[in-house]
Amino acid sequence: MANYQNGDAAAAGMLVDTLSPQFFRFFLSQTRNRESADDLLQDFWLRIHSARHTYRNPEPVLPWMYAIARRVRVDQYRKNRRRAGHEFQVERLPDPAAPRAADEGNVDFETLLASLPESQREVLVMLKVSGLSVDEVARATGSSAGSVKQKAHRAYEKLRALLKGVGNAV
Amino acid sequence: MQFDVPGRVSGATPDSASVKRIRAKLMGAATPIRPLPSSGAMMALSVGVFVVMAILLTIPFGFQGFSRLTPGAAAIEYSAVLLLALALSGVVVGQMIPGSRRILGPVAGVVLSVVLLSAMASLLFPVFEMRNFVRQGIPCLRLGTLCAIPAAGLIGLAMKRGFVTDTLQAAIAGGALAGLLGIGVLALHCPIVNASHIVAWHVAVIAVTSLLGAISGWCLSRFV
């Protein structure tokens with residue numbers, strides 16, 4: 001990141017190659033749509049470029065990037081909501097397919113994540129999919145470590161209850 | 001029963017053409033930039049500007065409040081305002097830097113300021129005279145709030161140098177620091193050393209400006 005700030009083009013390329021999959025998964029877990037996640041990833045890197053002066057070298061880079069990623073996602077959500085407010089449905093759309101909750105005993109992680117509230121899902125993805133520490137998640141979300149632990153705990157409780165329900169059904 | 005962790009989310013990869021495009025764009029635009037100074041340096045600069053602005057804004061109205069205080073009371077009152085200015089500057093700087101460690105949130109900063117300033121006024125000036133309470137109070141609230149406006153503009157410009165990730169929180173923090181500047185001006189100007197007057201009309205400035213900050217932050221995040 002420091003090399004990127006110094007204008008090293010190769011460092012910029014390396015950052016994009018190394019971190020794009022991780023942030024794509026973060027956006028995918030929030031939007032559950034590949035196209036939207038790709039769009040968000042592009043927007044994210046443009047924001048990283050314009051905000052690169054706000055990174056200070058010895059500080060951990062991932063919380064800085066995740067804080068920007070969250071902002072990108074929130075902006076996109078608001079843009080979509082505003083757009084949805086101006087649009088109206090002209091005809092009845094086909095019913096969506098039933099969620100793939102239990103498929104011969106396999107439980108889809110994505111479906112389970114989707115059942116969580118957005119703040120809990122975000123914390124869980126950062127902790128368990130991206131591998132950030134509690135302190136790093138607290139920095140990225142602008143909250144306290146206690147609040148992150150509480151959200152993660154609630155998410156685990158909810159997932160445990162869901163898995164129990166699926167187990168009983170199977 | 002299996003728990004399918006490496007499912008569609010955890011194993012997904014972005015479109016390679018899209019990544020190549022981003023890569024080319026960023027590599028083409030990679031130019032050297034100067035990172036922001038350390039948080040400590042920005043906080044020190046902010047407190048310096050706070051002091052200079054408070055003095056400059058008091059000059060047209062006069063320093064009657066300063067001359068009414070005993071040296072001990074002045075030292076305690078101005079030290080408390082400076083300490084809070086440092087703390088709120090830290091909150092504002094934290095809002096400008098994504099992923100920075102936040103010890104004090106903007107709302108907690110406002111509550112701390114209100115509690116500390118009210119307690120200090122009650123201990124330093126234990127007079128609870130209510131005569132001309134509203135007639136004397138309204139001009140103080142108005143002056144403090146008006147003095148906060150240029151400070152809020154300056155804080156807004158400074159925040160544009162950073163990258164605000166939460167507009168609402170940042171606007172509350174900015175409003176609180178601007179309001180504290182208004183309180184600083186009143187502490188230098190207002191000659192009324194009466195706890196009820198200070199708590200109700202001086203300390204109220206920070207509550208009003210934080211609320212105005214919250215409203216403007218909410219509007220910015222919703223409609224801009």
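User: Which residues is R121(A) in contact with, leaving aside its neighbours within four places in sequence?

Analyst: R121(A) is in contact (heavy atoms within 4.5 Å) with S29(A), Q30(A), R32(A), L113(A), A114(A) and L116(A), once neighbours within four places in sequence are left aside. This is a predicted model, in which local features need pLDDT of at least 70 and side-chain atom pairs pLDDT 80 or more, while totals for chains, interfaces and linings use all residues; side-chain values use heavy atoms, without hydrogens and water. Residues are numbered from 1 along each chain as its sequence is written, and chains are lettered from A in the order in which they are written.

User: Where is R121(A) found?

Analyst: R121(A) belongs to helix α6 of chain A, residues 118–129. Helices are DSSP runs of H or I with at least four residues, numbered from the N terminus.

User: Is R121(A) buried or exposed?

Analyst: R121(A) is buried, that is, under 20% relative accessible area with a 1.4 Å probe and protein chains only. R121(A) has no salt bridge (a side-chain nitrogen of Lys or Arg within 4 Å of a carboxyl oxygen of Asp or Glu). The nearest side chain of opposite charge, E118(A), is 4.5 Å away.

User: New topic: which residues touch the most other members of the largest nonpolar core?

Analyst: They are F50(B), L117(B) and L180(B), in a core of 53 residues. Such a core joins buried Ala, Val, Leu, Ile, Met, Phe, Trp, Tyr and Cys residues through side-chain atoms within 4.5 Å.

User: Which element gives the most to this core?

Analyst: α7(B) does, with 13 residues. Apart from this core lies another, of 50 residues, including L116(A) and F24(A).

Note on methods
Helices (H or I, at least four residues) and strands (E, at least two) are DSSP runs, numbered from the N terminus. Lys and Arg count as positive and Asp and Glu as negative; His and the chain ends are not counted.
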